[in-house]
Amino acid sequence: MQYVRIFGRSIRDAFKGVFRNLSLSMASILCTTITLIVVAISIVLTYNINNFTKLIESDMSIVVFLKKDISKEEVTTVENKIKEVENVVSCTYKSKADILKEMMETDSSLSSILSQYNDENNPLLSTFIVKVEDLKHIDDVAKKIEIYDEVEYVKYGENAISELINIFDIIRKGSIMIVVALVLVTAFLISNTIKIAIIARKKEIEIMRLVGASNLNIKIPFIFEGLIIGIIGSIIPILVTSYGYSAIYNNFNGQLFSPILKLIRPVPFVYYVSLALLIVGALVGMIGSYRASRKYLKI
């Protein structure tokens with residue numbers, strides 16, 4: 001029962017502290033809000049970039065063009081060699097006759113042009129469609145396959161893939177650096193808010209110590225004050241994330257510029273992000289308050 005009274009009194013004193021130093025509390029809340037909005041953007045970007053990468057990896061493949069007069073035995077040989085290459089997930093063979101048929105089925109006008117070709121005069125090359133486990137190793141896999149005697153050449157859009165991976169990495173690293181910097185600034189500002197609250201209540205703290213209050217009982221209200229600032233500061237970012245991301249998803253029909261770049265579905269994604277924002281806000285507020293109370297509560 002005693003702990004319940006201490007807890008209730010600490011919550012009450014924390015709310016009083018927030019309103020007693022309203023201007024500083026508002027500055028801390030505003031900073032927390034801005035930080036958590038950036039954190040939300042960073043989380044959304046990071047998870048969607050990871051999703052883009054996975055989709056590209058599943059869709060991206062190496063097209064291995066075989067020599068024109070390759071025999072069935074040589075096809076089997078090169079297939080076995082490709083499957084033995086590290087990071088190769090699958091290897092699908094397409095004969096030049098199959099490729100010609102597919103091209104004719106895609107367009108009626110193209111079909112009339114290609115109908116003059118048969119198995120004997122077919123100018124196309126048989127291929128292997130090779131999928132890799134990790135997109136970062138696609139260049140190494142392509143280079144290993146390209147040197148085989150049965151292979152004419154390989155294609156996989158190497159320049160576009162390298163640029164895409166670099167852009168994704170830059171966005172990820174940049175967002176993480178910005179988030180870390182803002183979290184530190186927010187914790188520092190909350191720490192200063194609690195510091196001023198401690199100084200303003202110097203006499204009250206001295207009286208509490210004279211009547212036998214422990215350091216923990218004195219510190220708890222200040223830690224709760226930081227917690228309240230952090231939770232209040234997370235409300236707007238949670239609303240912005242929940243409604244903003246859902247609106248973006250609906251307006252862009254669940255994709256970004258291309259069907260390959262599919263966005264993560266809002267539900268339950270926004271719930272996880274909102275919970276993460278609430279936890280980050282609470283932790284930043286409590287850490288800032290704890291740091292201030294430990295450093296300045298030596299009155």
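View 1. Leu275 counts as partly exposed because its relative accessibility is 48%, where partly exposed lies between buried (under 20% relative accessible area) and exposed (over 50%), with a 1.4 Å probe and protein chains only. The model is predicted, so local features need pLDDT of at least 70 and side-chain atom pairs count only at pLDDT 80 or more, while totals for chains, interfaces and linings use all residues. Residues are numbered from 1 along each chain as its sequence is written, and side-chain values use heavy atoms, with hydrogens and water left out. Leu275 is found in helix H10, where helices are DSSP runs (H or I) of at least four residues and strands are runs (E) of at least two, numbered from the N terminus. Together with Ile231, Leu278, Ile279, Leu283 and Ile287, Leu275 makes a nonpolar surface patch of about 520 Å²; patch residues have over 30% relative accessible area and no salt bridge, and nonpolar side chains are joined within 5 Å.

**View 2. The salt bridge between Glu152 and Lys67.** The side chains of Glu152 and Lys67 meet in a salt bridge at 3.7 Å, N to O, the term meaning a side-chain nitrogen of Lys or Arg within 4 Å of a carboxyl oxygen of Asp or Glu. Glu152 belongs to strand S4 and Lys67 to the loop between strand S1 and helix H3, 85 residues apart.

**View 3. The salt bridge between Lys81 and Glu150.** The closest N and O atoms of Lys81 and Glu150 are 3.2 Å apart in this salt bridge. Lys81 lies in helix H3 and Glu150 in the loop between helix H6 and S4, so the pair ties together parts that are 69 residues apart in sequence. Glu150 is buried, at 11% relative accessible area, whereas Lys81 is partly exposed, at 27% relative accessibility.

Conventions: Patches are made of residues with over 30% relative accessible area and no salt bridge: like charges are joined within 9 Å, nonpolar side chains (Val, Leu, Ile, Met, Phe, Trp, Tyr) within 5 Å. Accessible areas come from the Shrake-Rupley method with a 1.4 Å probe; for residues, only the protein chains shown count as cover.
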